[in-house]
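Trainee: I'd like to learn how to read aromatic rings and nonpolar cores in a structure. Could you walk me through one?

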Amino acid sequence: MSIKNVQNTEKKRYTITIQLTKTAMLIAIMVLAALFIKIPFYPVPLTLQTTIAILAGFILRWKYGMIAMAIYMCMGLIGIPVFSGLLPGFAAVLKPSFGYVLGFIATAYVVGVLANCMRKSFWNYLWIALVGVAVNYAIGLPYFMLIVHTLGLSGQDGLSAFSMTVIWTYNLIYLPKDILLSLLAISLIYKIDSFMQKANRENKKL
């Protein structure tokens, strides 16, 4: 094996190691956000999980971002208590809010794909973050309504699963929070990226 091939192999191993390390960190942050970073609110506490799923897509890109969110979901399904407001175990899939957990995977994937394809700019970053929020709700909201309707969970209140009261109270009321936090987080990521790019250019000049 030539020296060049050895160097390429070592570089590839190093890159994979870095990606796996960042993946593990994002999973840990997701768990912490679910269990400990909660803002009291009715009917369920506010969390940062949608924002973290978006960050996973930006930081890890589509492949590892999707893997990180899928591992998080699987941890909960096998009984590890990592879900916010949900009991661990496979029974969690019958809870209306589980759709948003599925949405985290799709969110990280879509954000990662867009981050790879689009030019790095502040406005592109913000646009991608908004798309990420939309993807999460596009999966979470229909899943919520399906489970509530199928299991008759809203019957005791005399409300339909498709009523605006249910949709707003248990879903859309959290949308402004997710949009605001995601935009703030992405603004920080953009500044960090800009700083790193500037530092790299300065190093190349030396």
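Predicted model: local features only at pLDDT ≥ 70, side-chain atom pairs only at ≥ 80, totals over all residues.

Trainee: Is Phe58 buried or exposed, then?

Mentor: Phe58 has 5% relative accessibility, so it counts as buried.

Trainee: Okay, and how do I describe two rings that sit together?

Mentor: A pair of aromatic rings is described by the distance of the centres and the angle of the planes. Here, the count comes to nine aromatic pairs. One of them joins Phe58 and Tyr125, with 5.0 Å centre to centre and 45 degrees between the planes, which makes the pair tilted.

Trainee: Where in the chain do Phe58 and Tyr125 lie?

Mentor: Phe58 is in helix α2 (residues 49-77) and Tyr125 in helix α4 (residues 122-151). They are 67 residues apart, so this pair links distant parts of the chain. Tyr125 has a relative accessible area of 4%, so it is buried.

Trainee: What kind of pair do Tyr100 and Tyr137 make?

Mentor: Edge-to-face, because their planes are at 75 degrees, with the ring centres 5.4 Å apart. Tyr100 belongs to helix α3 (residues 98-117) and Tyr137 to helix α4, so the pair ties together parts 37 residues apart in sequence. Tyr100 is buried at 13% relative accessible area, and Tyr137 is buried at 9%.

Trainee: Which residues form an aromatic cluster?

Mentor: Phe58 and Tyr125 turn up again here: together with Phe122, Trp123 and Tyr190 they form one aromatic cluster.

Trainee: Now for the cores. How many residues does the largest nonpolar core have?

Mentor: It has 28 residues, and those with the most contacts inside it include Met69, Tyr72 and Phe83. The elements giving two or more residues to this core are α1 (3-35), α2, α3 and α4. Of these, α2 gives the most, with ten residues.

Trainee: What is Met69 in contact with, leaving aside its neighbours within four places in sequence?

Mentor: Its contacts of that kind are Met30, Ala53, Ala56, Phe104, Ile105 and Ala108.

Terms used
Residues numbered from 1 in each chain as written. Heavy atoms only, no water. Phe/Tyr/Trp six-rings, centres within 6.5 Å; stacked < 30°, edge-to-face > 60°. Helix = DSSP H or I, 4+ residues; strand = E, 2+ residues; numbered from the N terminus. Buried < 20%, exposed > 50% of the residue type's maximum accessible area, 1.4 Å probe, protein only. Core = buried A, V, L, I, M, F, W, Y, C linked by side-chain atoms within 4.5 Å. Contact = heavy atoms within 4.5 Å.
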